[in-house]
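Here are my notes on this one, as numbered points. Have a look at the model first, then read on.

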Amino acid sequence: MSTTDSNSVAEDETDDGESVDSFRARARLWLAENMPLLPDGATNQLLAREDESGQRARRLQRLLFDGGFAGISFPVPYGGQGLSLHHQKAFTQESLPHQMPTVFNVPTLSILAPTLLDFGTEEQKVRHIPAMLSGDELWVQFLSEPSGGSDLAGLITRATRDGDVFVLNGSKIWSSGAFRSDYSLCLARTDWQVPKHRGLTMFILKIHQPGIEVRQIKMVNGTGEFCQEFFDDVPIPATDVVGEVNNGWTVASRLLFHERNATGGGSPYVSGVATAAAGQDGQPSDLLDLARETGRTADPRVRQLVAEARVNDRVQSQLVERVTTGIRTGAFPLPAGAIPSLFAATNTERHFDIGLEIAGAGAGAWIDDDADRWGETYLLRQGLSLGGGSNEMQRNIISERVLGMPREYAADRDKPFDEVRHN
Ligand SMILES: Cc1cc2nc3c(=O)[nH]c(=O)nc-3n(C[C@H](O)[C@H](O)[C@H](O)COP(=O)(O)OP(=O)(O)OC[C@H]3O[C@@H](n4cnc5c(N)ncnc54)[C@H](O)[C@@H]3O)c2cc1C
């Protein structure tokens with residue numbers, strides 16, 4: 001493992017000599033002069049949907065990079081600012097009124113860049129992390145397969161060694177935004193004669209090249225964000241192995257830790273969105289705005305629902321703070337990240353249920369006002385309860401690897417993978 005550890009983001013508030021207050025003032029001024037404000041009623045999430053190709057996000061990310069505000073907590077040698085979590089939080093708070101390249105947050109900057117920092121060679125880090133921070137490279141994760149995503153270690157896409165390259169064959173699915181991305185971290189099976197967790201390798205994979213077909217999948221809300229990829233004899237240079245050959249499970253486990261951090265709202269690498277890690281309570285005002293727009297602020301039931309959502313967001317914020325601090329200080333093991341991740345998923349579902357109830361019949365009307373947005377968003381309310389590991393899998397992790405309860409029975413444990421029934 002490389003010596004740069006993404007868990008070592010500085011806590012110190014003045015580690016480059018600039019106080020958080022001075023940094024905040026400088027950031028506010030720079031943002032006002034350089035980053036366009038969000039139009040009335042728009043959010044970065046809504047703007048991202050209109051920017052399917054990601055070109056707008058790439059331009060905005062480049063602006064941040066040129067202005068010295070990309071990668072606040074990333075190490076300086078890889079193009080970051082090398083500042084503390086407190087600087088990142090201050091920047092995020094200041095950035096909220098502005099248009100921001102939020103497409104870069106997940107998975108590029110919050111999941112895949114930290115995984116490369118943890119396990120990449122120096123050459124890999126220098127090659128890719130500055131390119132991510134400057135908006136030149138969007139990344140995606142190639143983990144799930146048509147045969148199943150929860151049993152990630154049971155995947156069957158194969159990479160067979162042939163001299164200086166590995167030859168990739170198989171298929172990945174549910175890859176968010178693969179069509180507009182440049183690279184992926186791709187987990188593949190490199191040894192079939194050992195138990196499933198011990199025969200996997202993680203690769204850096206260039207997406208748009210001969211032998212890879214990317215197909216968009218039309219989703220229930222009309223977008224084509226999900227993709228399926230087909231690999232037909234794709235050569236991957238052996239220098240693009242991340243970590244060690246057949247030790248890909250270690251890399252994948254760390255990737256999933258960063259993913260739980262991102263989905264739980266605890267990532268130190270995210271700018272432009274209100275998260276618990278940024279000292280913001282999730283989405284504090286959108287339900288109140290909705291109650292106002294639908295003229296229901298005096299309705300006791302609506303008031304109760306808005307208050308419930310507010311309390312849930314507060315609890316999530318405190319939970320993130322407690323668990324991320326516990327992991328940083330070593331009081332909690334890394335799998336404890338499943339706790340805020342599970343809470344964020346269930347809270348998100350509740351948030352959209354409440355939105356639908358307040359919006360009422362207008363939510364189904366598909367007309368051009370704010371209420372109808374809630375009907376459409378409701379269709380994706382369970383996304384967080386699957387992406388990054390389903391709620392059931394998060395519960396398994398918490399019970400087995402945080403609370404030390406007995407492990408779930410697995411017929412394939414310790415058996416060579418080629419003796420196990422799969423697919
Ligand atoms: C919004 C979103 C974004 C995503 N982005 C990506 C991406 O970019 N890249 C990528 O690779 N994947 C991505 N995924 C896929 C995601 O990782 C998988 O959907 C997830 O891992 C579950 O796998 P599956 O859909 O194959 O369900 P399955 O694994 O088939 O599971 C089906 C059901 O069975 C339950 N189940 C399975 N095993 C167990 C068990 N042992 N104990 C209890 N219950 C169990 C699950 O909880 C689930 O409810 C994304 C998914 C979503 C929703």
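**Notes on the model**

1. Start with helix H7: 14 of its 17 residues are buried, so the rest of the structure largely encloses it. Buried here means under 20% relative accessible area, exposed over 50%, and partly exposed in between (1.4 Å probe, protein chains only). Helices (H or I, at least four residues) and strands (E, at least two) are DSSP runs, numbered from the N terminus. H7 covers residues 248-264, and its 17 residues should span 24 Å at 1.5 Å a residue; the end C-alpha atoms are 24 Å apart, which agrees. The expected span is 1.5 Å times one less than the number of residues. After H7 comes Gly265, with a positive phi near 90 degrees.

2. A word on provenance. This is a predicted model, in which local features need pLDDT of at least 70 and side-chain atom pairs count only at pLDDT 80 or more, while totals for chains, interfaces and linings use all residues. Residues are numbered from 1 along each chain as its sequence is written, and side-chain values use heavy atoms, with hydrogens and water left out.

3. Now the overall build. The protein has 12 helices and eight strands. Its radius of gyration is 22 Å, close to the 22 Å that the globule rule gives for 423 residues, so the protein is as compact as a globular protein of that length. (The radius is taken over C-alpha atoms, and the rule is 2.2 Å times the number of residues to the power 0.38.) Along the principal axes, the C-alpha atoms fill a box of roughly 65 × 50 × 45 Å.

4. Of the contacts (heavy atoms within 4.5 Å) with a separation of 6 or more, 74% are between residues 24 or more positions apart.

5. What about charge: how many positive and negative side chains are there? The protein has 40 positive and 57 negative ones, and the centres of the two sets lie 4 Å apart. Lys and Arg count as positive, Asp and Glu as negative, with His and the chain ends not counted.

6. Arg58 deserves a click. This residue of helix H3 (residues 55-66) counts as buried, at 14% relative accessibility. Leaving out residues up to four places away in sequence, Arg58 touches several residues, including Asp136, Glu137, Arg180 and Asp182.

7. Val140 is another buried one, at 1% relative accessibility, and sits in strand E1 (residues 139-142). Beyond neighbours within four places in sequence, its contacts include Pro107, Leu112, Tyr183 and Ile207. Arg180, from the Arg58 list, is 40 residues from Val140 in sequence and 9.3 Å away in space, C-alpha to C-alpha.

8. Finally, some backbone geometry to check. Most residues other than glycine have a negative phi, and most peptide bonds are trans. Val106 and Pro107 are joined by a cis peptide bond, with omega about 0 degrees; Pro107 lies in helix H5 (residues 105-119). Trp174, not a glycine, has a positive phi of about 65 degrees; it is found in strand E3 (residues 165-176) and is partly exposed at 47% relative accessible area. Asp414 also has a positive phi of about 65 degrees without being a glycine. Asp414 sits in the segment after helix H12 (391-402) and is exposed, at 58%.

Terms used. Charge placed at Lys NZ, Arg CZ, Asp CG, Glu CD.
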